[in-house]
Amino acid sequence: MIDSPITQVGRWKSRAASHLPLIDVSQAAPTYPPAQELRDHIAFQAQSPATATYTDQQGILPLREALARNLTTDYDAPVAAYQVAVTAGCNQAFCLAMMALTEPGDEVLVPLPSYFNHDMWLRSQDVRPVYLEPGPDMMPDPDDAATAVTPATRAIVLVTPNNPTGAVYPPALLERFFELAKDRGLALVIDETYREFREDSDPPHRLFARSDWSDTLIHLYSFSKAYCMAGYRIGCMATNPALLRETLKIADCVALCPSHIGQLAANFCLEHLDDWKREYRRTVRDRVAYAARRIREANTDFEVASYGGYFVYLRHPWTDRSSAAVGRSLAEDHGILCLAGSMFGPGQDRYLRLAFANVDLPVIDELVDRLESLDAVG
């Protein structure tokens, strides 16, 4: 396996320009503090010895019920607690689902650019990621996916809003992928970690309204982004109970169950922090939109290919330099730490990913000034 791109970029950070304050737009891990009410609640809960015990593998019932209500509200369609499992982060949900669905030699369709942890996990299991080329709008084409399906294909994996591009896949596109997966007997895995950061408040899709949704759809979600609680390691999966049972067999050999404290934190978020989440969502959306606008208006040859979620996906101007070389130079010479497009799959060497989880508007202005300066010196 390759080193994680976050590990790779950590080496660039150690050599970053010492004469400039570092602008770190590399990792989509918020350092924004969780809500004070959440911290107070967990400090109180931690006094109970019960929080040091294992929980039910599928997650504590109050959290699963709250998750089911949350999905029912956000997607305007009924989801039941028995269709939901809590996991130790969204990455674990993906890993468990893939292990339950595939065996060595199988294939999974993955649109480019792809989230690197998904790619790394598939390869570690000797499962072949089959890449779908993006269109000019950074959207995958279901017709291309239909052509790529083989007898070895087991699933289609989508991330929306996308990591790294920020592109939001419209409901009609997700419906077409669902129909393809259903017709070919595949699982459709949709990672919706960044769903709160869409500009549209309508349901992200209408798939949960289908009576047969759980036969095909595997919905993944993380509490890390919307509630700034990445270290609590809580995610979830919604699908049919038979598949959940298989994933829990695997979880029994890994983490056994998610963190008890983390689950209590997630349940508190769903029950009490809607207003806090809306305010934080506005903050992040405003930052990302501001960054995209400032870069587009600046005197620089960098192009905004796409943006949304936490991200701005940039096309850099050098045809003779790899994205890794450009990324290293930005860190070492200009104090800008970002991720290279090549970390997100083949054909992405002209791109860079910037994540705006932890920078405010004045820092974004400074970042743009540095890009303009870089452009000016060639």
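This is a predicted model: local features need pLDDT of at least 70, side-chain atom pairs count only at pLDDT 80 or more; totals for chains, interfaces and linings use all residues.
Residues are numbered from 1 along each chain as its sequence is written, and side-chain values use heavy atoms, with hydrogens and water left out.

**Entry on cis bonds**

I found another cis peptide bond between Thr160 and Pro161, where omega is about -15°. Pro161 belongs to the loop between β5 and α7.

**Entry on the seven-stranded sheet**

I followed the strands of an open sheet and wrote down the order β2-β8-β7-β6-β5-β3-β4, seven strands with mixed pairing; two strands pair if DSSP finds at least two bridges between them. At the edges I found β2 (84-87) and β4 (128-132), each of which pairs on one side only. From one strand to the next the twist averages 20°, with axes taken as lines fitted to C-alpha atoms, for helices over the stretch in contact, and angles running from 0 to 180 degrees between N-to-C directions.

I then asked what packs on this sheet, and noted helix α7 (residues 171-184), which touches β4, β5 (153-159), β6 (187-191) and β7, contact meaning heavy atoms within 4.5 Å. The direction of α7 makes about 150° with that of β6.

Within the sheet I looked at β7 (residues 217-222) and β8 (residues 235-238), which pair in the antiparallel sense over four bridges. Tyr221 stands opposite Cys236 in β8.

**Entry on Glu196**

Is Glu196 buried or exposed? I recorded Glu196 as buried because its relative accessible area is 5%, where buried means under 20%, exposed over 50% and partly exposed in between (1.4 Å probe, protein chains only). Glu196 sits in the loop between β6 and α8 (213-216), and its side chain makes a polar contact with the side chain of Tyr221 at 2.7 Å. By a polar contact I mean a pair of N or O atoms within 3.5 Å; within protein, one must be able to donate a hydrogen and the other to accept it, and residues adjacent in sequence count only if both atoms are side-chain atoms. Leaving aside neighbours within four places in sequence, I listed Tyr221, Ala226, Lys277, Arg281 and Arg285 in contact with Glu196.

**Entry on helix pairs**

I looked up α3 (residues 61-75) and α10 (residues 260-272), which pack at an angle of about 35° with their axes 9 Å apart. Among the residues that make this contact are Leu63 and Leu67 of α3, and Ala266 and Leu270 of α10.

The axes of α4 (residues 90-101) and α5 (residues 116-124) come within 10 Å and cross at roughly 35°. In this pair Asn91, Phe94, Cys95, Met98 and Met99 of α4 meet Asn117, His118, Trp121 and Leu122 of α5.

**Entry on the four-stranded sheet**

I traced an open sheet of four strands in the order β9-β10-β13-β12, with antiparallel pairing. At its edges stand β9 and β12 (339-340), each with a single partner strand, so one side of each is left without a neighbour in the sheet. Strands β9 (residues 303-308) and β10 (residues 311-315) pair over five bridges, and I noted Val312 as the bridge partner of Tyr307, with Ser306 opposite Tyr313. These strands form a hairpin with two residues between them, and Gly309 in the turn has a positive phi of about 60°. Helix α12 (residues 323-334) lies across β12 and β13 (351-355), running at about 45° to β13.

**Entry on positive phi**

I also noted Asp76, a residue other than glycine whose phi is positive, near 50°. Asp76 is in the loop between α3 and β2 and counts as exposed at 57% relative accessibility. Cys228, not a glycine either, has a positive phi of about 55°; Cys228 lies in the loop between β7 and β8 and counts as buried at 5% relative accessibility.
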